[in-house]
Amino acid sequence: MSDLSKTPLTILEEFLLLALDDSAGQFYSFARSSLDCAVAGAVLMDLTIRNRLDNDLKDMFIVSTRPVGDDILDPVLETMALAPVMTPHPITYWLRQLSDEGEALCEKALRRLEQRGILKREDKKILWVFGSRRYPIVHDKEMREVKLRILGVILRDDIPSPHDMMLTALGHACGLFRHILSSQELAAALPRIELVARMDLIGQAVAKAVTEIEAAIAMASGFR
Amino acid sequence: MQTTATESWNLKEPEIMEMASRLDCDAAIDFEQDARIFIQRGAKELVLNCAGLTVMTGAGLRAMLTMAKEMKQVEGKLVVCNLQGQPQEMFEACGFNEIIPAYSNKDKAFARMAA
């Protein structure tokens, strides 16, 4: 990625900005594996919207291996293209594969947001032992802009762009809106959120995977 | 594989666009370009006749969404008709019928638009 100032934010970067509690400089509370799954979904969405991947109701397939010029997306596309004769797989297959790299992909995207001058990284020690990392926002223009756009999608009846539809689906999949809307606002907007979220099959797959992760965590906690 | 292209479309009267057999990643680009011609000509109501459409992918759905949004921005309306088989399954599984009105045939689409 050559000139970041001229490159629009990816779905992954915008998702991370939405998932960041700007008052605390930390992510809202998500299970790590749910966040990894959402990050994997965001990468698949970014490649899809750039016409490198496509999908039907059953499978996701590679339609072009031409690099997009993005140092996060291109290595993923390269890996996907190595799959045996580019056999189509269900979206859930790729989600699982990429979720294993979710933390690394997330880290790369956060570094890029730092390079863009949108946030900075602060590492602190608590009681001189435990590490704590915060990402205070330096310039909140981008965060405000993406929040306003997504709120516009879920609080009005406007037809969303494919980019915003995907971002909404991702936000819904990992329960993001309960953090950025009041419970009353959420209750009022829920039918609309569900409608928009359903429009994207990658978002549907992320939602299903996150539900399974949360159920597994709940079951494991119940056994303690 | 890519049979949907500008030359394969039969662009009839200003408001109807005959869709060819596939609306996938490649065809979606041509579809958007051609649908924009209608918008530039001032069309306010556009019916996508999907009678010949047999395969639609996620890219095709997003292209329809993009054009529905662009039509709405000029206070116009985009509807589809004659969806069947796999394209209809995709359309309904993603709830697109809640955003883009779908009619079982051309006459019903025209009648609803005229109402």
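**Exercise 1. Work out how strand 5 of chain B sits in its sheet.**

Strand 5 of chain B is mostly covered, with four of its five residues buried. A quick word on terms: a residue is buried if 20 or more other C-beta atoms lie within 10 Å of its own, exposed if 12 or fewer, and partly exposed in between, with C-beta atoms placed from the backbone. Helices (H or I, at least four residues) and strands (E, at least two) are DSSP runs, numbered from the N terminus. Keep in mind that this is a predicted model, where local features need pLDDT of at least 70, side-chain atom pairs count only at pLDDT 80 or more, and totals for chains, interfaces and linings use all residues. Residues are numbered from 1 along each chain as its sequence is written, while chains are lettered from A and ligands numbered from 1 in the order in which they are written.

*Solution.* 

Step 1: get the strand order. In chain B, four strands make an open sheet, ordered 1-3-5-6, with parallel pairing. Strand 1 (16-18) and strand 6 (102-103) of chain B are the edge strands with a single partner each, so one side of each has no neighbour in the sheet.

Step 2: go through the pairs, where pairing means that DSSP finds at least two bridges between two strands.

- Strand 1 of chain B pairs in the parallel sense with strand 3 (residues 45-49) of chain B over three bridges; B:Met17 has B:Leu48 as its bridge partner.
- Strand 3 and strand 5 of chain B run parallel and are joined by five bridges; here B:Val47 is partnered by B:Val79.
- Strand 5 (residues 77-81) of chain B pairs with strand 6 of chain B, again in the parallel sense, over two bridges. B:Val80 has its bridge partner in B:Ala102, and B:Cys81 has B:Tyr103.

**Exercise 2. Describe the overall build of chain A.**

*Solution.* 

Step 1: count the elements. Chain A has 10 helices and six strands. Its radius of gyration is 17 Å, close to the 17 Å that the globule rule gives for 224 residues, so chain A is as compact as a globular protein of that length. (The radius is taken over C-alpha atoms, and the rule is 2.2 Å times the number of residues to the power 0.38.)

Step 2: Along the principal axes, the C-alpha atoms of chain A fill a box of roughly 50 × 45 × 40 Å. Of the 224 residues in chain A, 39% are buried.

Step 3: look at helix 4 (residues 91-99) of chain A. Its buried residues are A:Ile91, A:Trp94, A:Leu95, A:Leu98 and A:Ser99.

**Exercise 3. Trace the contacts of A:Val153.**

*Solution.* 

Step 1: A:Val153 is in helix 6 (residues 141-155) of chain A, and it is buried, with 22 other C-beta atoms within 10 Å.

Step 2: list the partners. Contact means C-beta atoms, placed from the backbone, within 7 Å. Not counting residues up to four places away in sequence, A:Val153 touches A:Asp158, A:Pro160, A:Asp164, A:Thr168 and A:Val196.

Step 3: check one pair. A:Val153 and A:Asp164 are 11 residues apart in sequence and 7.5 Å apart in space, C-alpha to C-alpha.

Definitions and conventions
Two residues are in contact if their C-beta atoms, placed from the backbone, lie within 7 Å.
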